[in-house]
Amino acid sequence: MNQLDALKRHTTVVADTGDFLQIAQYQPRDATTNPSLILKAALKPDYAPLVDEVLARHRDRPLDERVDRLLVRFGCEILRIVPGRVSTEVDARLSFDAAATVARARRLIALYEAEGVPRARVLIKIAATWEGIRAAELLERDGIHTNLTLLFSFCQAVACADAGVQLISPFVGRIYDWHKARTGAQWDEAAMAGPNDPGVQSVARIWRHYRHFGIRTEVMGASFRNTGQILALAGCDLLTISPELLARLAATPGDVPRALDEEEARRADLPQVHYRADDEAAFRLALNDDAMATEKLAEGIRLFCADAQRLDALIRSR
């Protein structure tokens with residue numbers, strides 16, 4: 001048995017890529033995309049005919065609609081390969097506008113449904129800002145399921161649970177990056193590996209909280225830097241993994257023990273915490289108190305916005 005097959009006994013494996021030609025060999029259940037991944041795939045020669053065909057068909061439509069149609073086309077191609085769901089992201093430039101996020105999400109779902117894809121197979125990815133969480137709350141009430149991304153803090157996870165979102169994507173690798181950079185020369189890679197990795201600890205804490213209180217929101221660890229981080233979260237609901245790390249797991253023989261224990265989570269003595277729709281000030285204070293989460297959330301939005309602008313430029317040029 002290889003580590004990828006062994007991991008699948010405990011956790012749903014999700015492919016973190018827009019490059020659908022890479023997906024089939026790893027047999028993930030779901031796949032996640034974002035503007036950065038779609039841009040990376042769209043720039044490859046293999047996808048030029050698809051990109052040109054979509055843009056030619058909708059050349060007279062506004063730019064933002066052409067972007068959404070391209071995202072949905074990639075999503076539809078992915079859904080021909082995976083049996084489960086695809087995550088498609090709302091433009092990160094709308095991260096602080098709840099109403100615009102809701103409108104964009106509804107258009108994405110309408111475009112999928114026009115292609116014959118039921119909304120149950122689509123997760124709308126939204127940045128886990130206060131405004132993004134409020135947008136997700138409204139969408140979930142309408143039966144549009146959401147994946148809250150750029151999630152770095154416990155307060156974001158609690159607010160998402162209180163909003164009833166379907167799934168959250170807490171980032172492991174970017175948390176690890178922040179702590180490693182902050183520690184500098186004193187960082188001990190071996191000592192901070194596996195369950196001691198700060199990114200792993202963040203996801204494990206959220207998962208245990210959800211399991212302890214019977215919260216239905218799914219936890220999908222994301223943004224991995226190495227396979228050790230992945231294996232340390234075996235038992236998490238889902239893990240979204242890049243093709244490079246999927247290949248490494250598939251090439252490594254061996255068993256993978258479950259790392260997250262549901263019974264242990266249920267028995268734990270944990271305080272009840274909430275950040276509901278009327279707790280905006282408390283949420284913002286809690287997020288502000290977490291320097292890592294505040295910095296990485298802002299950085300992540302900036303990076304996704306920059307890639308959204310690059311995707312706009314690519315579409316204008318074709």
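## Basis of the model

This is a predicted model, in which local features need pLDDT of at least 70 and side-chain atom pairs count only at pLDDT 80 or more, whereas totals for chains, interfaces and linings use all residues. Residues are numbered from 1 along each chain as its sequence is written, and side-chain values use heavy atoms, with hydrogens and water left out.

## Packing of α4 with α5

Helix α4 (residues 63-79) packs against helix α5 (residues 98-114) at an angle of about 50°, their axes lying 10 Å apart. Helices (H or I, at least four residues) and strands (E, at least two) are DSSP runs numbered from the N terminus; axes are lines fitted to C-alpha atoms, for helices over the stretch in contact, and angles run from 0 to 180 degrees between N-to-C directions. The two helices are therefore oblique to each other, the class left over once angles under 35 degrees are taken as roughly parallel, over 145 as roughly antiparallel and 65 to 115 as roughly perpendicular.

With contact taken as heavy atoms within 4.5 Å, the α4 side includes Asp64, Asp68, Leu71, Val72 and Cys76, and these residues belong to a set that meets Arg104, Arg107, Leu108, Leu111 and Tyr112 in α5. The residues of this contact divide into 7 nonpolar, 1 polar and 6 charged, where Ala, Val, Leu, Ile, Met, Phe, Trp, Tyr, Cys and Pro count as nonpolar, Asp, Glu, Lys and Arg as charged, and the others, Gly among them, as polar.

## Packing of α5 with α6

Helix α5 also packs with helix α6 (residues 130-141), at an angle of about 45° and with the axes 8 Å apart, which makes α5 oblique to α6. Here Ala98, Thr101, Val102, Ala105 and Arg106 in α5 meet Glu131, Ala135, Leu138 and Leu139 in α6, and by class the contact has 6 nonpolar, 1 polar and 2 charged residues.

## Pockets

On a 1 Å grid over the protein atoms alone, a cavity is a set of points where a 1.4 Å probe fits but cannot get out, while a pocket is an open set with protein on both sides within 12 Å along at least five of seven lines, and lining residues have an atom within 4 Å of a point. Grid points are joined across faces, edges and corners, and a volume is the space filled by probe spheres set on the points. The largest pocket holds about 560 Å³ of space and is lined by 32 residues, of which Asp16, Asn34, Leu37, Ser223 and Ser242 lie nearest its centre. Helix α2 gives the most to this lining, with 4 residues, and the lining as a whole divides into 11 nonpolar, 12 polar and 9 charged residues.

The second largest pocket has a volume of about 270 Å³, and of its 16 lining residues Arg57, Val72, Arg73, Cys76 and Glu115 lie nearest the centre. Helix α4 gives the most to the lining of this second pocket, with 6 residues; by class, the lining has 7 nonpolar, 1 polar and 8 charged residues.

## Cavities

The count comes to 3 cavities of 30 Å³ or more, and about 60 Å³ of space lies in the largest cavity. Among the residues that line the largest cavity are Pro35, Asp68, Leu71, Arg104 and Leu311. Helix α4 gives the most to this lining too, with 3 residues, and the lining has 6 nonpolar, no polar and 5 charged residues.
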